[in-house]
Amino acid sequence: MVDQAIRIGGLFSDTGVTAAAERSTMRGAQFAIEQINAAGGVGGRPLELVTRNPDSTPALYAMHIESLIREENLRFFFGCYTSAARKAALPIVERYDALLMYPVYYEGFEYSRNIIYTGATPNHNAVPLGNYMLDNFGNRVLMIGSEYVYPYETNRLMSDLLYERGGTKLGEYYLPLKNARPEDFAKLMVKARELKPSFIFSTVVGETMAHLYQAYADAGFDPAVMPIASLTTSETDIKQMGVHLGAGHISAATYFQSVDTAINRQCIAQYRALFGQEQVTDRCWEAAYFQVHLLAKAILSAGSTNVDDVLQAMRGLEFEAPQGRVRVDAHNHHTYLFSRIGRANAQGQFDILYESQNALKPDPYAIAPRLNDWSSGTGRPL
Amino acid sequence: MTLRAAKKRQRNDSSAGIKDLRDISVLVVHPDDDDGRNLIEQLQRIGCQVRVQWPIPERLNTEVDVIVLAVSPESLSTNTPWLLHASTSPIIPVIAYENPIIVEALVQLNACSVIPSPVRSFGLLTALALTLSQSRKAREREKHVKRLEGRMAVMRTVQQAKIILIETKGMSEIDAYNALRDQAMAKREPVEKIAEALVKAHELFQQACS
């Protein structure tokens, strides 16, 4: 019994619109599992990832989780990417009292006793990014997003921030998550030329993100003057679309590959040795990586694989992650995380412009941004 | 209506209402059990000021914005008239039964959303927002109705005064109104005050003559 593997379900799409990001997320989880197993597993038991491909389709995440619970008797899961996928999975994990660890930033307004959220809430990324852009580029904003709940809710928050600071919203445009065409983005660039925003605020997700940056480049805009500020664009996205398209644009995240800590450097070196020297890391990769370690720590300290015991151990649990020391909030199941803003450089990496000194308390139910979050001295510009 | 249209409307009328949710005080009147604890924890996650009281007090001593109240067959029998007062803060009932007697109680409590037991985290924020917005609208409506009733009464008096002038002095309706208004301007009083005085005087005069 002791050396029997602890089997964990991995819901990562290998196909569909968010496949590229989810493959990176899966590698983060796989890498952590290899590290843990190389060090002797969890109390002597190795971890084993049982993966399914939900094809970026919400109903399939739910279906695969249910089948893994009923047929394979699994109780622990990593993954889901969009909020739609997580919302589909939520009733299943609650019904069977399973545990889902969700490694993606999202819009908040959710709590489930059966989910641990290790990605950013808007107070980690959207509010700092909005404030930074308003301070440094001006307050005329054009918003472009994919047509689903995360961009809607993020733009609602950003609009509030903008109004409170006396700015102007020049437009709020949504394009389909699937099948938005390059010419749709080109039309928005014509709008941008007319309206002359201070910056473009993007919540475009998935495959069509490349069209946005391509359309921007084709329009001949200068990122030093009017950059795209994005909550979604990561190193992995930039590598996929081509580093020249991303260069000069700005993004906010809890983690960038360029975070300069010994643990991060060591992690990346090990990761590349195992997965290939060409690999890059990103925010969801890192969240997926450290959440595996959180689960391992929780199982070890609970001394059991009972979901209730593991959840109990998870609350308040800390881990020295590549982004810095993180902690699971005991009350809302989200995670204390760092806040960072970076500008993409010619190598497809982010030069960090701002970072918080500490991990910030997650605030999933923040209806309106609090302006003093920015000036309260929790962060330092670099 | 598309989702985007809904969002635009929200910007204009009620987004301020949702933003307040963090500052409101909520009184949880619920036994100390799993549901009660889930309620309190979720309200705290949302960021409300939470106070707790059980059993249902005979009178309410504190000012709160919303009351979350366990409504069960047992709690129906307690004598708590303050729950039904028009001035009582809006109530969100927590119910485990859906039988007619409970539903009737919810109607009496004027509830516009409920939390079903077992309590989950999902739904509480929506119930709070809807309840606050509905009670705000109801209060505004009531104020509006009061104002209209007042205006109606004024119009009735002015009408009566005009009829008196028309009947006793043989004036046209326009002349009657002008006479009232001229008096009002000369005495620096509102027209309805003059009309009221005239109606009273006319009543007294008729009583004296009969």
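What pLDDT does chain B average, and what share of the residues score at least 70? Chain B averages a pLDDT of 87, and 92% of the residues reach at least 70. The structure is a predicted model, with an ipTM of 0.71 and a pTM of 0.84.

**The two domains of chain A**

Chain A is divided into domain 1 (6-120 + 260-336) and domain 2 (126-258 + 339-381). Taken over C-alpha atoms, their centres are separated by 26 Å. Domain 1 of chain A brings 34 residues to the contact and domain 2 of chain A brings 29 residues. On the domain 1 side, the elements that give two or more residues include helix 1 (19-38), helix 3 (83-95) and helix 11 (283-302) of chain A. Strand 12 of chain A gives the most to this side, with 4 residues.

**The contact between the chains**

Chain A gives 10 residues to its contact with chain B, and chain B gives 14 residues. The table lists the classes for two sides of contacts.

| Side | Nonpolar | Polar | Charged |
|---|---|---|---|
| Chain A, touching chain B | 6 residues | 3 residues | 1 residue |

**Helix 6 of chain B**

Helix 6 of chain B (residues 124-169) has 46 residues, so at 1.5 Å a residue it should span 68 Å. The C-alpha atoms at its ends are 67 Å apart, which agrees. Among the buried residues of helix 6 of chain B are B:Leu124, B:Leu128, B:Thr131 and B:Leu132, as well as B:Val158, B:Ala161 and B:Lys162. Just after this helix, B:Gly170 takes a positive phi of about 65°.

Methods:
Residues are numbered from 1 along each chain as its sequence is written. Chains are lettered from A and ligands numbered from 1 in the order in which they are written. This is a predicted model: local features need pLDDT of at least 70, side-chain atom pairs count only at pLDDT 80 or more; totals for chains, interfaces and linings use all residues. pLDDT is the predictor's confidence in each residue, from 0 to 100. Two residues are in contact if their C-beta atoms, placed from the backbone, lie within 7 Å. Ala, Val, Leu, Ile, Met, Phe, Trp, Tyr, Cys and Pro count as nonpolar, Asp, Glu, Lys and Arg as charged, and the others, Gly among them, as polar. The expected span of a helix is 1.5 Å times one less than its number of residues. A residue is buried if 20 or more other C-beta atoms lie within 10 Å of its own, exposed if 12 or fewer, and partly exposed in between; C-beta atoms are placed from the backbone. Domain bounds come from an automatic or database domain assignment.
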